[in-house]
Each structure stands twice: as structure tokens, then as C-alpha cells.
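Please view the structure alongside the text.

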Amino acid sequence: MKPERLSFEYIESVRKVTDFVDRLYMVIFFILFSLSVFFAACASPPSAGEAEREEVSVEKETELYGLLPENALLGSGADISVLRFEPDETDSFEIPAGVGLLGLESGDSADPELSRSFRETYLEGLFRDLPLAGVLGGDLVHGWPPQSPAAWVQNWQGTGEIPNSWGLPSLILAVQGFAGSRAFIVQGILMDAYGRSAGIGRANGAMGYGAPLGEDFLYEGQAAQRFEKGLLIVETLRDDGRTGRIRFDPAELPPPPEMLGVFAEGPEREPVSEAFRAAWPLIFDKLASPSAEVKIDAPGTALLFSAAPWQIPLGKTGRLSVRGIYIQSLAEGRALLFLSDYSVTGTGGTGSEAGLRARLLVSPFLDALIAEEALPGSPEPSDPPGESGGRRLDRLLEGLARYGIPLSNPLFRVEDGSYIEAQRFSRGWIAGNLGQR
């Protein structure tokens, strides 16, 4: 409590001896108090950056959040000999000016969150090496379908000419649900399937399937994508590479476990927790089974690089400045939810702030990341961060120093009629031929 202002007025009604002792005590107290204020004023004030954002060291974070559970970062023991590393020297991630521009029906055409969502999604597409070439025909973010909007959409231009059910060979869709906070891309064989009238009420697009809740991925060896109204699966491929037989499973997605995105006591992490919960659709589809629910092993762990951001190479001249990473162990150590807080600096020094996106690391990619031996084609490790998070976390950091941070979830490619499963890291791709069709 701040001391009261002292008064030295002589009070006639108080006895002289008592008054003298009291005044002497107060004078001594006032001198000591003044000296403490003087020395405090001479101390260096915190800088503006320190005042706005007080960083916490890794050692302090470990005390706040606790260590990882004993079974964390075990992997599944998968055979990683089928995997290879493909260096990717891309470091140009420019977002065209038209991406995220809003149409009149979005309100006052000045919703920064909606616009930023579409721009971040375009950057996600560049990370995945999708053939993006800007906005198709100057299109704006608009309600879709126009007569009875069910989602926000913007039509993007692809560089390829792949026939699809929409009749626009170069079309790539970016779609965000009205209740969602981020857009996702629908492209390739999943966009072909998205245009077929096999959804709810025999409708297609946002009316029949809803807006996407994540990117496309391999589901039990088949191409799939989760939408608001269910899971859309491409069961077969035609010889020309287009979608063959499709299946739509309208089963309702269960709510996420209460522990997902929960951190132990410490600094407020609500944006990170929200990003973790947004990954729930993919977590459920990749990890759940009819006989077992998804297990969250423990509260999340945070590692902040307080002294300086961790610099990781990106392509030939670019870099990632990683301010911190956040992880949570799943499925008894067989999976890991990973989020990095970073900024991108590409060719010519152009910078971009990436959105907070949680990536799922599962077999065999998690196993490769924490393995002692490097995959064929792997580059030499970059400099590891100065801080250490303990033996098991150091294993993870060593893998990140070699391959970079994950820039995508596990996804698939179609090569010669077969699926190649891959995951993008900032220094390239970890990929493997599953031999499935």
C-alpha cells in the first residue's frame, strides 16, 4: 500500500514529549521512504518491448507447465525406411493483393478478421506447393450460394487445367463457414467430389456438404476431407486421375476432449488453445477408432525462446523466426499436436505473419522426426536453439533443426495412380509411397 502523505504540523493538543518522539519517528521514516523512491527512480525503466510483452524463459516455462508425460514422444515404432526427404528451396511466399478482398454482402467490406483468414489460407496453400496463381477473374469473398448463403467463398486461380465437376479446370476454392474462424482450401480430386450432388438433400458444395473443417488427407488409405455436415471420401480414382466412386458419411463429429488445448497454470494462451481445438476434426479422423476414443495425455507444454527467436532456414535465402513452440501429447505418446509462433521472411526480405495453426504429427512422420538416424536426402541440421527443454524435448528440437518446423498436416499426392503421403516441413518434404489406390 502506498504510504500516506506525512504532515509535520505542530499539534498543540498533544503532549510535548510524546509529540517530539512521534515527530522524530516520522522524520526518520520519511527520510528512508524518500531514499527508496529516489533509488527506484534512478533504476533503468523497462523498454517499450518489455512493457508490452514480457517473455518467460524456457526454464521458467518448464516450472509453470510441468514436464511432458513419460510416454510422450515415443512414436509408434513405425518403419521409417519407406520415407525419404525431399528438399524444397522455395522461399517466395507472396500473397496477391486481391486475396481476401471482401464483397459488399460481408457487411461494410472492412472485416479484418475475415480478410486475414483468407490471406492466411492462401499462404497455407503456398506452403503445400499448391498451384495457386491469385484470384480467379477478380473474384471477391462473397456469400455462397448467392440465393441462400451457407458460407463465405473466394474463387482462386490454379495454374493447371484439370477437368472437374464445376466446369472450370483451373478453379480452386477457399471456403469458410459462417460459424468458423478460418478458411480452408478445397482442390483437386476433393473439389471434383465436392461438386457432385451426393450431399445432404442431394445438394453439392456448401449446401450439400457444408464448409470444410480442415484440409484434405488420407483416411484409411483413401482421399478424404472433413466438412461441416460430414466426411467426404474418394473411394476410387479413374485412369485419367479424376474422382471415381465417392462416399459421404454424414455422421456427426463429437465434441473435442476437455483437455485438448489446455495448458497448466501460466501465461494466458487462449489463441493457442483455440488453434489446438480447431485441429480436432483431423485429430478425430486420424486417431479415433470404433473401439477407442482419442486420449489427451497431459496439459500442453510451451517453450519460448526468450533471448532471441530461433532462426531456421527457409529455401535458399529465406528464414523463419520462431518465437516459441507449443506441444501436446496425444494417444499415449503416439501423436503430437504442434504449434509454432513464427514469422516468415522470404526472397528480397519480404515478411509475412503466419496464422496460429496447430499441426498433427503422427506415424510415420513423428517417428522420423524423433529418430536418431537421418532420412535419405536430409540436409545438415541448422543451429539448434540456445535453450534446452529436457532430454525428450531435445530429441524433438534436434529433428526440427534438421527438417524444419511442420508447415502442413499429413497430406497426399496422386502419382501414377497411387497415393503418396507426405508432410511439409520448412526445409522440405518427408514423403513415402504407401502403394495404395
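## Basis of the model

The model is predicted; local features need pLDDT of at least 70, side-chain atom pairs count only at pLDDT 80 or more, and totals for chains, interfaces and linings use all residues. Residues are numbered from 1 along each chain as its sequence is written, and side-chain values use heavy atoms, with hydrogens and water left out.

Buried stands for under 20% relative accessible area, exposed for over 50%, and partly exposed for values in between (1.4 Å probe, protein chains only). Strands (E, at least two residues) and helices (H or I, at least four) are DSSP runs numbered from the N terminus.

Strand E4 (residues 151–158) runs antiparallel to E5 and is joined to it by 7 bridges; Val153 stands opposite Val175 in E5. E5 also pairs in the antiparallel sense with strand E6 (residues 184–186), over 3 bridges. Leu173 has Val186 in E6 as its bridge partner. E5 and E6 make a hairpin, with 6 residues between them. Pairing requires that DSSP finds at least two bridges between two strands.

## The four-stranded sheet

An open sheet of 4 strands is ordered E1-E19-E18-E17, with antiparallel pairing. Strand E1 (83–87) and E17 are at the edges with a single partner strand each, so one side of each has no neighbour in the sheet. From one strand to the next the twist averages 35°, with axes fitted as lines to C-alpha atoms (for helices over the stretch in contact) and angles running from 0 to 180 degrees between N-to-C directions.

Within the sheet, strand E18 (residues 418–425) and strand E19 (residues 428–433) pair in the antiparallel sense over 6 bridges. Arg424 has Trp429 in E19 as its bridge partner.

The largest pocket holds about 670 Å³ of space. Its lining has 32 residues, with Pro131, Ile162, Gln187, Gly188 and Ile189 nearest the centre. Strand E5 (171–177), helix H5 (188–194) and strand E17 (411–415) are the elements that give two or more residues to this lining, and E17 gives the most, with 5 residues. By class, the lining has 13 nonpolar, 10 polar and 9 charged residues. Ala, Val, Leu, Ile, Met, Phe, Trp, Tyr, Cys and Pro count as nonpolar, Asp, Glu, Lys and Arg as charged, and the others, Gly among them, as polar.

The second largest pocket holds about 470 Å³ and is lined by 24 residues, of which Ala179, Gly180, Leu213, Ala278 and Pro281 lie nearest its centre. H7 supplies the largest share of this lining, 3 residues. The lining comprises 13 nonpolar, 4 polar and 7 charged residues.

A pocket is an open set of points on a 1 Å grid over the protein atoms alone where a 1.4 Å probe fits, with protein on both sides within 12 Å along at least five of seven lines; lining residues have an atom within 4 Å of a point. Points are joined across faces, edges and corners, and a volume is the space filled by probe spheres set on them.

## Nonpolar cores

The largest nonpolar core has 54 residues, of which Trp156, Leu320, Val322, Tyr342 and Ile430 touch the most other members. Another core, of 27 residues, lies apart from it and includes Val272, Ala279, Trp280 and Ala302. Such a core is a set of buried Ala, Val, Leu, Ile, Met, Phe, Trp, Tyr and Cys residues joined through side-chain atoms within 4.5 Å.
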